[in-house]
Amino acid sequence: MSEGRWPVLLRQIPTAELDKLAILRVLECSNGMIQLRFREGHADALNAEDTRRAMRFSMRCIKGMEIPLGQQTLRFDSTTQELLIEIRTLYVNGIKRNDSANRSEFFRASRANLEAIGHERLESARRRLFAECYDLPVHTLDWGMDYIKDVLTSVRPKEAESALGETTAKCSKT
């Protein structure tokens with residue numbers, strides 16, 4: 001897929017789906033930072049049990065393409081699911097299997113995804129997860145948001161790829 005196609009494709013997603021994607025992205029980025037802090041022995045890392053619980057919850061949401069929140073379960077429509085499968089495939093091939101072309105494409109898709117969602121929607125998603133998600137300690141949502149802000153404030157695409165790449169590579173060792 002060409003570099004310019006991701007933003008166009010992702011901006012066509014309906015508002016309701018972008019709201020759900022925002023929740024998924026905050027959730028998965030928070031989980032990634034939880035994993036990274038645990039692996040690096042960070043002073044504020046969660047203990048092993050809480051780290052595993054966060055990872056299980058996050059992976060269940062990503063792979064099942066549904067997010068249980070309070071009394072509701074968010075489900076993605078089929079078009080969004082297809083897009084998530086494509087981006088997840090880029091992630092697995094690029095990060096887990098170390099394929100440079102897929103990795104670069106994953107970074108482009110990931111940044112375009114965050115840009116299409118937008119900062120306001122991501123903040124709203126963080127607040128919703130704070131209120132309705134009991135599988136991640138609420139303070140870890142800020143870790144995920146800090147990561148997202150780093151990606152979104154990168155001036156150049158290569159800087160964003162670098163910011164995404166360094167943390168993603170460290171977080172992908174699961």
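## Contacts along the chain

Among contacts between residues at least 6 apart in sequence, 70% join residues at least 24 apart. Contact here means heavy atoms within 4.5 Å. The model is predicted: local features need pLDDT of at least 70, side-chain atom pairs count only at pLDDT 80 or more, and totals for chains, interfaces and linings use all residues. Residues are numbered from 1 along each chain as its sequence is written, and side-chain values use heavy atoms, with hydrogens and water left out.

## Overall layout

The protein has eight helices and two strands. Their order along the sequence is α-α-α-β-β-α-α-α-α-α. Both element types are DSSP runs numbered from the N terminus: helices are H or I with at least four residues, strands are E with at least two.

Of the 174 residues in the protein, 47% are buried. Buried means under 20% relative accessible area, exposed means over 50%, and partly exposed lies in between (1.4 Å probe, protein chains only).

## The nonpolar core

In soluble globular proteins, nonpolar side chains tend to be buried together. The largest nonpolar core here holds 49 residues. Such a core is a set of buried Ala, Val, Leu, Ile, Met, Phe, Trp, Tyr and Cys residues joined through side-chain atoms within 4.5 Å. W6, V26, I67, L122 and L129 touch the most other members.

Several elements each supply at least two residues of this core: α1 (5–11), α2 (15–39), α3 (48–64), β1 (66–69), α4 (78–96), α5 (100–117), α6 (119–132) and α7 (140–153). Helix α2 gives the most, with 11 residues.

## L46, a buried loop residue

L46 sits in the loop between α2 and α3. Its relative accessibility is 10%, so L46 counts as buried. Leaving aside neighbours within four places in sequence, L46 contacts I34, F38, T51, P137, H139 and T140. L46 and T140 are 94 residues apart along the chain, yet their C-alpha atoms are separated by 9.1 Å.

## Helix α5 and its ends

Helix α5 has 18 residues. It reaches 26 Å from its first C-alpha to its last, close to the 26 Å expected at 1.5 Å a residue. The expected span is 1.5 Å times one less than the number of residues.

D99 caps the N-terminal end of α5, with a side-chain oxygen 3.2 Å from the backbone nitrogen of A101. Just after the helix, G118 takes a positive phi of about 90°. The buried residues of α5 include F106, F107, L114 and I117, along with S104, E105, R111 and N113.

R111 lies in α5. Its relative accessible area is 13%, so R111 is buried. The R111 side chain makes a polar contact with the side chain of E115 at 2.7 Å. A polar contact is a pair of N or O atoms within 3.5 Å; within protein, one must be able to donate a hydrogen and the other to accept it, and residues adjacent in sequence count only if both atoms are side-chain atoms.

## Salt bridges

Side chains of opposite charge can pair when their charged atoms come close. The structure holds 12 salt bridges. Each is a side-chain nitrogen of Lys or Arg within 4 Å of a carboxyl oxygen of Asp or Glu.

One of them joins E17 and K20, at 2.4 Å from N to O. These two residues are three apart in helix α2, so about one helical turn separates them. E17 is buried at 5% relative accessibility, and K20 is buried at 15%. Another bridge joins D44 and R37, at 2.6 Å from N to O. Here D44 is partly exposed at 33% relative accessibility, whereas R37 is buried at 15%.

E123 and K149 also meet in a salt bridge, at 3.6 Å from N to O. E123 lies in α6 and K149 in α7, so the pair ties together parts that are 26 residues apart in sequence. E123 is buried at 15% relative accessible area, while K149 is partly exposed at 33%. A network of salt bridges links E123, R126, D142 and K149.

## Cysteines

A search of the whole structure finds zero disulfides. A disulfide is a pair of cysteine sulfur atoms within 2.5 Å.

C133 is buried at 4% relative accessibility. C29 is buried too, with a relative accessible area of 6%.
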